[in-house]
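Below is a short walk through one protein model, starting with its sheet and ending with a single helix. Keep the sequence and the structure in view while reading.

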Amino acid sequence: MKIFIKKSRKGFTLIELLIVIIILGVLSATMMMSSGSSVASARAEMIISNMNTIKNAALSYLTAEFANHPTIEGFKTNAKTYLGETANTNGNTLLTLDKCQYGVEHTKATSSIPDAATDNKWFVYCDFSSFGNNNGEKTDIINKLVKAASADQLLSGTDGAGYSGGEKVYMRIK
């Protein structure tokens, strides 16, 4: 009489291991493609947030100095009071954060009779031309800013045109 002994299997077969490796590869490739987009979204949101912070600081300055006829030069001089010690009070750039340069500009009266509603507008800007273009990251950031342009009131310049791309984005302060 023959007795059959059943061998118990230990471990995985080569085919099972290969299938698991392929599945993990597909999942990691999917995550890598989506993470680039989320980094660009985060940077675009950071730019908008920083511009809003500078805008709020400028509005605080305007409110505090209303009786003294505030000027954009006065805000630049007192930037550390409103933006903290990291603010630069020399030149046009107020802050440099993550390779983005933030500053303020204004339009001056274009006629001999200035109109308070249209002249002397203040703008905060972000110039990210020195950001580089790692794997199209700058292009992704521009695309995210274009999508957010109407909701966040982003502009292409001091002329009031909506943001449609470019390495410098504006937001109106007043």
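In what order do the five strands of the open sheet lie? In this predicted model, the order is E1-E2-E3-E5-E4, and the pairing is antiparallel. The edge strands are E1 and strand E4 (154-155), each of which pairs on one side only. E4 is joined to E5 in the antiparallel sense over two bridges. Leu155 stands opposite Tyr170 in E5.

Next comes the interior. Nonpolar side chains in soluble globular proteins tend to be buried together. Here the largest nonpolar core has 35 residues, and Ile47, Phe128 and Leu145 are those with the most contacts inside it. Elements that give two or more residues to this core include helix H1 (14-64), strand E2 (100-106), strand E3 (122-127), H4 and strand E5 (168-172). H1 gives the most, with 10 residues. Leaving aside residues up to four places away in sequence, Ile47 touches Cys100, Tyr102, Cys126, Phe128, Ile141, Leu145 and Val169.

Two of these contacts of Ile47, Ile141 and Leu145, are also among the buried residues of H4. An α-helix has 3.6 residues a turn, so residues three or four places apart point the same way.

Helix H4 covers residues 137-152, 16 residues in number. Its first and last C-alpha atoms are 21 Å apart, close to the 22 Å expected at 1.5 Å a residue. H4 bends by about 30° at Val146. Just after H4, Gln153 takes a positive phi of about 55°.

Terms used:
Residues numbered from 1 in each chain as written. Predicted model: local features only at pLDDT ≥ 70, side-chain atom pairs only at ≥ 80, totals over all residues. Heavy atoms only, no water. Helix = DSSP H or I, 4+ residues; strand = E, 2+ residues; numbered from the N terminus. Expected span 1.5 Å × (residues − 1). Bend = angle between axes of the 7 residues up to and from the residue. Buried < 20%, exposed > 50% of the residue type's maximum accessible area, 1.4 Å probe, protein only. Core = buried A, V, L, I, M, F, W, Y, C linked by side-chain atoms within 4.5 Å. Contact = heavy atoms within 4.5 Å. Pairing = 2+ DSSP bridges.
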